[in-house]
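Please keep the view open beside you as you read.

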Amino acid sequence: MSTIYDSFGVRPIINVSGASTRVGGSLMPEEVIESMGKAATESVAMAELQGAASRYISEVTGAEAGYVTSGASAGLTLGTAAILAGFDLGKIESLPRTSGMKNELIISREHRNGYDHAARLAGAVLVEVGMNEITANAGVRRTEAWEYQAAINESTAGIYYSQGPDSHPLLNEVIKVAKDNGLPIIVDAAGELPPKENLRRFIDMGADLVAFSGGKALRGPQSTGILCGSKDLIGSVALQNLDMDEFFEIWTPPNDLIPKDILPGIPRHGIGRGFKVSKENVIGLLTALKLFVEDAYLSTYTEQRKFLEFISSSIADETINKKIHDPVEGSPILTIELDLDVHKKSAFDISNELKNGSPGIFVQEVGLEKGIITIHPLNLNEERTKLVAANISKVIH
Ligand SMILES: *Cc1c(COP(=O)(O)O)cnc(C)c1O
């Protein structure tokens with residue numbers, strides 16, 4: 001196996017970990033690659049391009065507006081910056097310094113995770129509510145909606161919510177607290193696609209901003225994401241992300257993104273200027289989003305299952321428990337469970353040997369400590385499937 005990375009001395013690998021960022025995210029479909037190639041050969045006014053992106057994202061999410069960001073994480077930073085500063089040019093200039101401003105975002109302790117650094121980056125102070133009583137083996141209850149209410153004070157700027165299959169309290173309960181208090185709520189839904197319905201679900205519930213990854217199951221460029229939500233907040237995002245080196249007299253931002261008529265002038269480059277999104281990335285993301293919305297990926301799930309069956313059947317050891325799990329929507333996954341009492345190697349040993357093999361094979365991290373090797377088929381094709389099967393069956397004994 002040889003790849004373009006060889007030409008700079010980087011060895012080829014196969015990513016069976018899914019859309020993990022550290023191994024390159026998802027691979028893009030031909031249509032997306034072609035669209036990016038074409039975008040790279042023509043100039044475009046970036047504000048107008050994001051204006052058009054906003055209209056398409058609005059159409060498929062039901063939100064008032066949308067924006068292509070350089071990843072979900074960037075979307076969370078930009079969205080937080082919008083919550084903190086709005087259209088106040090003084091506040092936009094001062095971020096991430098927020099002293100004297102409403103700067104607190106309330107978050108459940110259960111929702112704290114490494115990605116919330118994105119909100120702190122904009123200058124927000126996270127105020128935790130709830131207890132991790134279940135994980136601490138010291139109680140039975142999870143975070144409750146009243147705890148958000150009780151934490152609201154004159155410094156509260158909004159609520160930060162991390163959406164997952166087991167998020168608690170339920171998003172609609174937390175949205176109710178936000179609405180009752182006139183506070184915006186920003187939702188990290190980076191990995192929540194598919195199902196397709198989630199594009200609209202959190203917006204329908206009343207979330208003010210929702211961030212999705214573009215480089216995961218959407219199969220857009222790795223460094224893209226979508227932020228959708230209310231017109232004013234997305235407008236503030238555009239103002240803090242776009243290149244601002246212009247004269248007010250000739251500045252023509254699209255009206256549906258930036259309301260020039262209510263602004264006293266043009267801010268300097270905002271906190272989001274470092275999260276530049278290229279024209280190729282905007283077009284690539286929109287093309288991938290369109291494919292996803294039109295169900296172009298559905299047939300690949302059947303194909304992915306066949307790849308997993310092939311890999312599974314290549315492992316002969318009878319002490320190993322192999323199982324293909326079919327989700328309601330999205331990719332199936334293969335788990336290979338070792339009987340740690342009889343097996344000489346741990347799942348960590350096997351994972352390391354696979355990583356260091358040729359080509360390097362990167363399985364999912366989750367479950368390794370329990371002796372479970374998980375194979376995600378998102379980036380497989382026939383050639384890679386054969387290589388994975390051959391290497392796993394060689395290494396696993
Ligand atoms: C992947 C992920 C992110 C970051 O998304 P990027 O598009 O890589 O910036 C944020 N939050 C969660 C929960 C994620 O899974």
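## The ligand and its shell

The shell around the ligand is made up of three nonpolar, four polar and two charged residues (Ala, Val, Leu, Ile, Met, Phe, Trp, Tyr, Cys and Pro count as nonpolar, Asp, Glu, Lys and Arg as charged, and the others, Gly among them, as polar). Its members are Thr21, Gly71, Ala72, Ser73, Tyr115, Asp188, Ala190, Ser213 and Lys216, where a residue is near the ligand if one of its heavy atoms lies within 4 Å of it. This is a predicted model, in which local features need pLDDT of at least 70 and side-chain atom pairs count only at pLDDT 80 or more, while totals for chains, interfaces and linings use all residues. Residues are numbered from 1 along each chain as its sequence is written, and side-chain values use heavy atoms, with hydrogens and water left out.

On the backbone side, a polar atom of alanine 72 lies 2.8 Å from a ligand oxygen, and a polar backbone atom of serine 73 lies 2.9 Å from an oxygen atom of the ligand. A polar contact here is a pair of N or O atoms within 3.5 Å.

On its own, the ligand has 380 Å² of accessible area, and the protein covers 79% of that (Shrake-Rupley method, 1.4 Å probe).

## The largest pocket

The ligand sits in the largest pocket, meaning that more than half of its atoms lie within 2 Å of the pocket's grid points. A pocket is an open set of points on a 1 Å grid over the protein atoms alone, with protein on both sides within 12 Å along at least five of seven lines; a cavity is a set where a 1.4 Å probe fits but cannot get out, and lining residues have an atom within 4 Å of a point.

The volume of this pocket is about 1,200 Å³, counted as the space filled by probe spheres set on the points, which are joined across faces, edges and corners. Its lining has 43 residues, and Ala19, Ala190, Gly191, Glu192 and Lys216 lie nearest the centre. Helix 3 (72–85) and helix 8 (198–205) are the elements that give two or more residues to the lining, and helix 3 has the largest share, with three residues. Helices (H or I, at least four residues) and strands (E, at least two) are DSSP runs, numbered from the N terminus. By class, the lining holds 13 nonpolar, 22 polar and eight charged residues.

The structure holds one cavity of 30 Å³ or more. The largest cavity has a volume of about 60 Å³, and its lining includes Pro194, Lys196, Phe292 and Glu329. That lining divides into six nonpolar, no polar and three charged residues.

## Backbone details

Leucine 95 and proline 96 are joined by a cis peptide bond, with omega about 10°; proline 96 lies in the loop between helix 4 (89–94) and strand 3 (104–108). The bond from serine 358 to proline 359 is also cis, with omega near -5°, and proline 359 is in the loop between helix 12 (347–356) and strand 11 (360–363).

Technical notes: A polar contact is a pair of N or O atoms within 3.5 Å; within protein, one must be able to donate a hydrogen and the other to accept it, and residues adjacent in sequence count only if both atoms are side-chain atoms.
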